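Me: I have a structure open here and want to go through how parts of it pack. Can we start with a pair of helices?

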Amino acid sequence: MAQESGSGFGRRSLLRGAAAGSAALALPALSGAAPALARGGRPGAEWGVQAGDVTTSSGLVWVRSDRPARMVVQTAATESFRHARSWHGPVIGPDTDFTGVTSLHGLPSGEQIHYRVLLADPDDPRRTGEPVSGTFRTAPTGRRTNLRFHWSGDLAGQGWGINPDRGGYRIYEDMRRRNPDFFLCSGDNIYADNPITERVTLPDGRIWRNVTTEEKSKVAETLTEFRGAFRYNLLDENLRRFNAQVPTVTQWDDHEVHNNWYPGQLLDDDRYTEKRTDVLSARSLRAFSEYFPIRTLRPGRQDGRVYRVVRHGPLLDVFVLDMRRYRNANSPGRQTDDPQGILGAEQLRWLKRELSRSRAVWKVIASDMPLGLVVPDGKTNFEAVAQGDPGAPLGRELQLAELLRHIKHDRVTGTVWLTTDVHYTAAQHYAPERAAFKDFEPFWEFVSGPLNAGGFQALKLDGTFGPEQSFIKAPDRANTSPAESPQYFGEVDIDGGSGELTVRLRQEGGQVLFSKVLQPGRVGQ
């Protein structure tokens, strides 16, 4: 996104900020140290476990070891692990920063799956570390089971990191207590371009303290620094506890690499010695694939892509987009012909095809950028789809118009758009009677976030697709800290009986700010 902190960032080389912190914040013993420095003993998994891309019968389980180890996953119907089934995963080592993923398949649908990860000495399988446990629910095959998931994004942005005085990333505990079936993280999982310093002075004189690490003391350029940026968030106990209970569906956006980046760009940023975003994004994508369990980024997958469909039973398909790797250069966005757009031609064809094939009641389109909000990139260019001209579609809007026309004419029912990126929460309804482009059916777009980052003022709406804002909550100045402005997450409930989908926009602590009920089986809402 186009909004940045005005604060300077200094260099720190040691893990700090935790010594006097809250008891709720427990850091892995090795903090940011390389696993190669581990001494003796058995393999350990102090960074926790997580599951991802869970379907009716499958899922992925992730772990990070403190040294080379063989990954073994055991699954069972109960926490006692009686009659457990074992899954032999990879030998994990430095090539993947000591992370590993094991694919589980043939799981029972609609059931709570208990799993534990054992890390064994590759040379002596009898030498195993303490097992680390987690759980997730597989999606049901029937329509009568209720479904709940959360979404948000934007973590450790603008220099606001893990603050032990606040108990760390508290919003994850708020979400965990609501027991969702999964969590959709809509991008900006890290801020590779925002270093984290030990202390930041707030406007009222209070001090915000951060846990800091060597890798997060500067912008990420090397593979080691990108890995350290992803690892940083796992220092938070709230997030590790959340990961052990709630599986994820994860996508990325710009700050995994650099603010507002696009392919082929050369950075005009003096903090960087490596200025080619193609090089930086390749390093970040590798670290991203190592630190999240994502089906289409597993070793051996030739496509190696972020965009995919995660099918969660007959009630829901989640269409995860990548509006970053295939886009054209940010520009004033006034082209009358733009086949590349923000998705690229191949991803657009894929999305149209998969939406038409889907038989799910609801098709959630997980967009890492908003549609109608005007997100600037400098004085003349634009970062997202909209460019502020309320007339007929131009530039990247042409792709959106093609997609919306397809949804209408192919009678694709139950589409809902979810996004983050702009660091406030809002609900927008798009309708042809208010629009310059009219060949589409009405739809809703819901905005949430940030999880733990600076808050920013509301952006203008572009009238091309007729948006009307039903709700908005945003701060009145740029980069308000999480201590000054609430953090946000969204919640989606699908009723297994009626098929109704309810969206609730919530803030840290769980308070509902806005809710909307949508009816199933309709092309437009």
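This is a predicted model: local features need pLDDT of at least 70, side-chain atom pairs count only at pLDDT 80 or more; totals for chains, interfaces and linings use all residues.

Me: Which residues make the contact?
Reply: From α2, L223, F226, R227, F230 and R231; from α4, L280, R283, S284, R286, A287, F288, E290 and Y291. By class, that contact has 7 nonpolar, 5 charged and 1 polar residues.

Me: Switching to the largest nonpolar core, which residues touch the most other members?
Reply: Y172, F183, Y232 and F288, out of 45 residues in that core. Elements giving two or more residues to the core are β2 (59-64), α1 (170-177), β10 (182-185), α2, α3 (237-245) and α4.

Me: What does Y172 touch?
Reply: Leaving out residues up to four places away in sequence, Y172 touches L155, F183, N238, L239, F242 and L451. Another core, of 36 residues, lies apart from the largest one and includes F319, L371, L404 and V422.

Me: And α1, how many of its residues are buried?
Reply: 6 of 8, so α1 is mostly covered, with buried meaning under 20% relative accessible area. The buried ones are I171, Y172, E173, D174, M175 and R176.

Me: What covers them?
Reply: Among the elements covering the buried residues of α1 are β9 (147-152), β10, α3 and β23 (488-494).

Me: What follows α1?
Reply: N179, with a positive phi near 55 degrees.

Conventions. Residues are numbered from 1 along each chain as its sequence is written. Side-chain values use heavy atoms; hydrogens and water are left out. Contact means heavy atoms within 4.5 Å. Helices (H or I, at least four residues) and strands (E, at least two) are DSSP runs, numbered from the N terminus. Ala, Val, Leu, Ile, Met, Phe, Trp, Tyr, Cys and Pro count as nonpolar, Asp, Glu, Lys and Arg as charged, and the others, Gly among them, as polar. A nonpolar core is a set of buried Ala, Val, Leu, Ile, Met, Phe, Trp, Tyr and Cys residues joined through side-chain atoms within 4.5 Å. Buried means under 20% relative accessible area, exposed over 50%, partly exposed in between (1.4 Å probe, protein chains only).
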